[in-house]
Number of protein chains: 2
Amino acid sequence: MIRKLAIIGVGLIGGSLARALRAAGEVERVVGCGRGEANLKRGVELGVIDSYTHDVGEAVSGADMVFVAVPLGAMRGVFADMNGYLSADAVITDGGSAKGSVINDFYAVCSDHTTQFVPGHPIAGTEHNGVEASFAELYRNRRVIITPTAASSDEAVKRVTHMWKACGAEVVEMAVEHHDRVLAATSHLPHMLAFGLVDALARMEEHEEIFRYAAGGFRDFTRIASSNPTMWRDICISNGAALSRMITSFADELHALAESVERGDGERLLEIFQRAKDARDAYVDGLQ
Amino acid sequence: MIRKLAIIGVGLIGGSLARALRAAGEVERVVGCGRGEANLKRGVELGVIDSYTHDVGEAVSGADMVFVAVPLGAMRGVFADMNGYLSADAVITDGGSAKGSVINDFYAVCSDHTTQFVPGHPIAGTEHNGVEASFAELYRNRRVIITPTAASSDEAVKRVTHMWKACGAEVVEMAVEHHDRVLAATSHLPHMLAFGLVDALARMEEHEEIFRYAAGGFRDFTRIASSNPTMWRDICISNGAALSRMITSFADELHALAESVERGDGERLLEIFQRAKDARDAYVDGLQ
């Protein structure tokens, strides 16, 4: 049972964790912390958090569990503000989509607490933002990757694992670099393609017409281009090395594909499309 | 009222047209034509078609409306098989996703009937195939683009327009080259990105793990990669010129994006993502 949970960043991710732990009866008190007063007030109204503060030090004082769910670019500042206010029994974890940069940030400004820190990444989300979008079931049957550092204590890992399991999630440990590469492939690259495509079409001369004739598949394909631009800017910068390699390699493949299309190489095209369909169908079957 | 409708290719597109016209009371008799016996039998069982034949000439004999919904690579053969069997009052239209190639095919092998031919493209579909997947509402509130040729008679254009309106669709006329460019951007390029991405991930060493950690957005983003590979091979070849240009230009943009990510150009990334989000949100608002 968590005595005092501090949620730094009360949005979809942070709010849903609070809701899930409440629903599971796993938390006594939840304090929210963030910048936007209206969002925090709404969090109290919705019963997601019991109270709020704009001060990170105040939020984490006396907390035995601290969850940081702010954009990656704000992580370091939040960790710095915690320093000196964390209890000895506090465990700190986060929801950042890139893990190498978060660990660097923590080590840079909160180095007295590395044993208490367990980096994490819940593989869940929607394209909506804010506490209003949060719901208790977001993590049910989803995976949460944790990337403990060499310093993370067994006790801290155990408590973070227990917390996510209480939300209905499966917890998996992964090495940091591996996490950042896998996520660049499965999440960051697709977002770049969706943002990039919609932007490219929006800049075409006949853009109004183009969107008018986009069919059903386009709506699904581009859903992730409605994601939060600031959050994604931060992800790109935080996972820049792995992601830029991934984009470059995919762009090279597209050039090869364009050549196959241009010379009408039906055999090659069919091979690519069939392999993709088989993999995608198997992936969806695996979900069910 | 259509007296005899011949549907060449009784799948999602052809089957849904038959269902919609029946539901609207706009057709007396529907004859299906195709290769797969099981699919055609199922079409009769489902009441989508009244009877079937494997012979295109027999199917179109006495028909006053002929709808060709076969993969683009099969169009020319079907048109050739019609020649000599078409009634003087028959109107021929199709559902192909590229229009320049279909017109070339028709003119090459069915040149006595060019006044009766009105190329068309219903902007609707799902990732499912076959008559089993067809439904009467597929075209409701969707757009159908027709690209009449210089030879198409006013009467033929009027009858095709009336047919699609009876299915609940909005009919729009467009120049052939313009259609092929707009569709390359909104449909063919997104399909290439989805097929290409899933294929690239499937070929990565840790592909099983990669698909395991793909989040919710990935499922939507890659839905169109479950589309029919043969159909898409044909589309690529039929719209090769416009599509290969579109892919190349997008690959170039991705290279530029990779550079922005690599040098951590947050301002540039935010600008791209924000413009994309605004365009995508406006597009979705426009749908509602």
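This is a predicted model: local features need pLDDT of at least 70, side-chain atom pairs count only at pLDDT 80 or more; totals for chains, interfaces and linings use all residues.

**Domains of chain A**

According to the domain assignment, chain A holds domain 1, spanning 2-174, and domain 2, spanning 178-287. The C-alpha centres of domain 1 and domain 2 of chain A are 30 Å apart. Where these two parts of chain A meet, 14 residues of domain 1 are in contact with 17 residues of domain 2. On the side of domain 1 of chain A that touches domain 2 of chain A, five residues are nonpolar, seven are polar and two are charged.

**The six-stranded sheet of chain A**

Chain A contains an open sheet of six strands, with parallel pairing and the order S3-S2-S1-S4-S5-S6. Strand S3 (51-53) and strand S6 (117-118) of chain A each have a single partner strand, so one side of each has no neighbour in the sheet, and both stand at the edges.

Helix H2 (residues 37-45) of chain A touches S2 and S3 of chain A, and its direction makes about 165° with that of S3(A). Helix H6 (residues 154-166) of chain A also packs on the sheet, touching strand S1 (2-8), strand S4 (65-68), strand S5 (91-94) and S6 of chain A. The direction of H6(A) makes about 55° with that of S5(A).

Strands of a sheet pair through backbone hydrogen bonds, either parallel or antiparallel. In chain A, strand S7 (residues 120-122) and strand S8 (residues 143-146) run antiparallel and are joined by three bridges. His121(A) is found opposite Ile145(A) of S8(A). S8(A) also pairs in the parallel sense, over four bridges, with strand S9 (residues 170-173) of chain A. Here Val144(A) has Val171(A) of S9(A) opposite.

In chain B, an open sheet of three strands has mixed pairing and the order S7-S8-S9. Strand S7 (120-122) and strand S9 (170-173) of chain B are at the edges with a single partner strand each, so one side of each lacks a neighbour in the sheet. Direction ignored, neighbouring strands of this sheet are turned by 20° against each other on average. Strand S8 (residues 143-146) of chain B pairs with S9(B) in the parallel sense over four bridges. Arg143(B) has Glu170(B) in S9(B) as its bridge partner. Packed on the sheet is helix H6 (residues 154-166) of chain B, which touches S7, S8 and S9 of chain B. The direction of H6(B) makes about 170° with that of S8(B).

| Helix of chain A | Helix of chain B | Axis distance | Angle |
|---|---|---|---|
| H12 (residues 266-287) | H10 (residues 229-238) | within 9 Å | roughly 140° |
| H11 (residues 240-262) | H7 (residues 176-202) | 11 Å | about 120° |

At roughly 140°, H12(A) is therefore oblique to H10(B). H12(A) passes H10(B) in a right-handed crossing. Among the residues that meet here are Leu269(A), Leu270(A) and Phe273(A) of H12(A), and Trp232(B), Arg233(B) and Cys236(B) of H10(B). The residues of this contact divide into seven nonpolar, three polar and two charged.

H11(A) and H7(B) are likewise oblique to each other, and their crossing is right-handed. H11(A) contributes Phe250(A), Glu253(A), Leu254(A) and Leu257(A), which meet Met192(B), Gly196(B), Leu197(B) and Ala200(B) of H7(B). Of the residues in the contact of H11(A) with H7(B), six are nonpolar, one is polar and one is charged.

Notes. Residues are numbered from 1 along each chain as its sequence is written. Chains are lettered from A and ligands numbered from 1 in the order in which they are written. Axes are lines fitted to C-alpha atoms, for helices over the stretch in contact, and angles run from 0 to 180 degrees between N-to-C directions. Helices (H or I, at least four residues) and strands (E, at least two) are DSSP runs, numbered from the N terminus. Angles under 35 degrees count as roughly parallel, over 145 as roughly antiparallel, 65 to 115 as roughly perpendicular and the rest as oblique. A crossing is left-handed if the near helix is turned anticlockwise from the far one by less than a right angle, and right-handed if clockwise. Two residues are in contact if their C-beta atoms, placed from the backbone, lie within 7 Å. Ala, Val, Leu, Ile, Met, Phe, Trp, Tyr, Cys and Pro count as nonpolar, Asp, Glu, Lys and Arg as charged, and the others, Gly among them, as polar. Domain bounds come from an automatic or database domain assignment. Two strands pair if DSSP finds at least two bridges between them.
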